[in-house]
Amino acid sequence: AVQLRGRDFIGLVDYAPEEIQYLIELAVELKRKNKAGEAYQPLKGKTLGMIFEKSSTRTRVSFEVGMYQLGGHALFLSKNDLQIGRGESIHDTAQTLSRYLDGIMIRTFAHRTVIELARAATVPVINGLTDLSHPCQALADYQTIYEKKGRLQGLKVAYIGDGNNMVHSLLMGAAKLGVNFAVATPEGYEPDGEVLRQCSESAAKTGATIHVGADPKEAVADADVIYTDVWASMGFEAEQKEREIAFKNYQVNDELVKYAKKDFLFMHCLPAHRGEEVSEGVIDGPNSVIFDQAENRLHAQKAVMAAIL
Ligand code: CP
Ligand code: NVA
């Protein structure tokens with residue numbers, strides 16, 4: 001049986017395919033319990049600290065509500081209020097918080113901040129988004145695809161847009177779960193080379209294919225899922241204007257989705273910029289599952305917390 005107690009959840013790269021599958025199955029089961037009104041409170045008396053150095057709607061609310069539903073308590077810790085904001089080190093913060101808490105979730109800029117925090121902490125650390133990755137979102141997204149399509153292996157996901165944190169985690173999930181993945185980004189905005197190398201390694205074991213190119217139509221051809229994300233992520237707002245120019249042929253719209261399978265799912269982690277990376281017609285259309293994804297953040301993260309805390 002899969003045993004994850006005490007583990008960090010920093011990247012899907014650290015998790016074996018069967019561990020990710022286990023978390024997805026657990027998320028589906030916790031969702032069923034939740035809908036049926038069955039209480040499941042394995043984390044009574046436990047606490048999760050949530051450090052936010054960037055804004056959040058979904059991550060904050062889903063972790064806080066999820067922890068409450070599991071019988072525990074979550075604390076919202078904004079960077080502006082913590083002593084981190086005045087220069088206390090990540091190391092001392094991690095050591096201190098570990099004396100009070102049973103787990104720490106952090107949303108920050110540099111990925112190495114999470115690594116440093118996890119190294120110094122004596123409790124499990126969860127990555128709530130960095131500039132490099134967003135594994136909680138990817139886990140919820142594969143849960144969503146699994147629920148909608150009944151399987152994962154052999155499906156094709158197309159990602160159109162910026163080679164950012166979101167595509168890194170989706171790629172890693174695909175590689176581990178045997179999902180075929182095609183990326184189309186403008187030149188200069190490709191996914192990180194080291195992440196692609198790690199993904200290829202996992203993909204070789206599961207049989208997933210990974211294709212990175214610049215042509216959105218080619219990526220979307222015959223796809224079961226079309227995914228996009230904002231062109232300028234948090235921390236990159238100053239590049240908004242130049243990115244609008246670089247990405248102008250990368251909008252997911254009615255013209256582009258014609259190349260996908262008829263029953264394709266449209267996905268977006270949110271928040272979205274309607275009329276930029278996606279047309280209103282597509283994001284609000286019948287193939288869009290954006291709010292199922294948002295909902296599944298709750299269930300997927302409850303699975304992670306129940307498993308590791
Ligand atoms: N998708 C996501 O992580 O949303 P928030 O930034 O609102 O948490
Ligand atoms: N790529 C986006 C995801 C937000 C959930 C960002 O980092 O801003």
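Leucine 270 is found in the loop between strand E9 and helix H11, where helices (H or I, at least four residues) and strands (E, at least two) are DSSP runs numbered from the N terminus. The model is a predicted one, in which local features need pLDDT of at least 70 and side-chain atom pairs count only at pLDDT 80 or more, while totals for chains, interfaces and linings use all residues. Residues are numbered from 1 along each chain as its sequence is written, and chains are lettered from A and ligands numbered from 1 in the order in which they are written.

The backbone at leucine 270 is worth a look. Its phi is near 70°, a positive value in a residue other than glycine, and a cis peptide bond with omega of about 0° joins leucine 270 to proline 271. Proline 271 has its place in the loop between strand E9 (265–268) and helix H11 (280–283). Leucine 270 is partly exposed, with 16 other C-beta atoms within 10 Å; a residue counts as buried if 20 or more other C-beta atoms lie within 10 Å of its own, as exposed if 12 or fewer do, and as partly exposed in between, with C-beta atoms placed from the backbone.

A positive phi is also found at leucine 129, about 120°, although this residue is not a glycine. Leucine 129 sits in the loop between E4 and helix H5 (135–149) and is buried, with 28 other C-beta atoms within 10 Å.

Leucine 129 leads on to the ligand. Around ligand 2 are Leu129, Asn164, Asn165, Met166, Asp229, Val230, Ser233, Met234 and Cys269, a residue being near a molecule if its C-beta atom, placed from the backbone, lies within 6 Å of it. By class, this shell has five nonpolar, three polar and one charged residues; Ala, Val, Leu, Ile, Met, Phe, Trp, Tyr, Cys and Pro count as nonpolar, Asp, Glu, Lys and Arg as charged, and the others, Gly among them, as polar.

An unreviewed UniProt entry lists Asn165, Asp229, Ser233 and Met234 under "binding site". These residues span 70 residues in sequence, yet no two of their C-alpha atoms are more than 11.5 Å apart, so they gather at one spot. UniProt positions follow the numbering used here, feature names are shortened, and annotations may be inferred rather than shown by experiment.

Asparagine 165 belongs to helix H6 (residues 165–177) and is buried, with 27 other C-beta atoms within 10 Å. Beyond its neighbours within four places in sequence, the contacts of asparagine 165 include Leu129, Asp131, His134 and Ser233, contact meaning that two C-beta atoms, placed from the backbone, lie within 7 Å. Methionine 234, in the loop between strand E8 (225–228) and helix H9 (240–246), is partly exposed, with 17 other C-beta atoms within 10 Å.

Strand E1 (residues 47–52) is joined to E2 by six bridges, and isoleucine 51 stands opposite leucine 77 in E2.

Definitions and conventions
Pairing = 2+ DSSP bridges.
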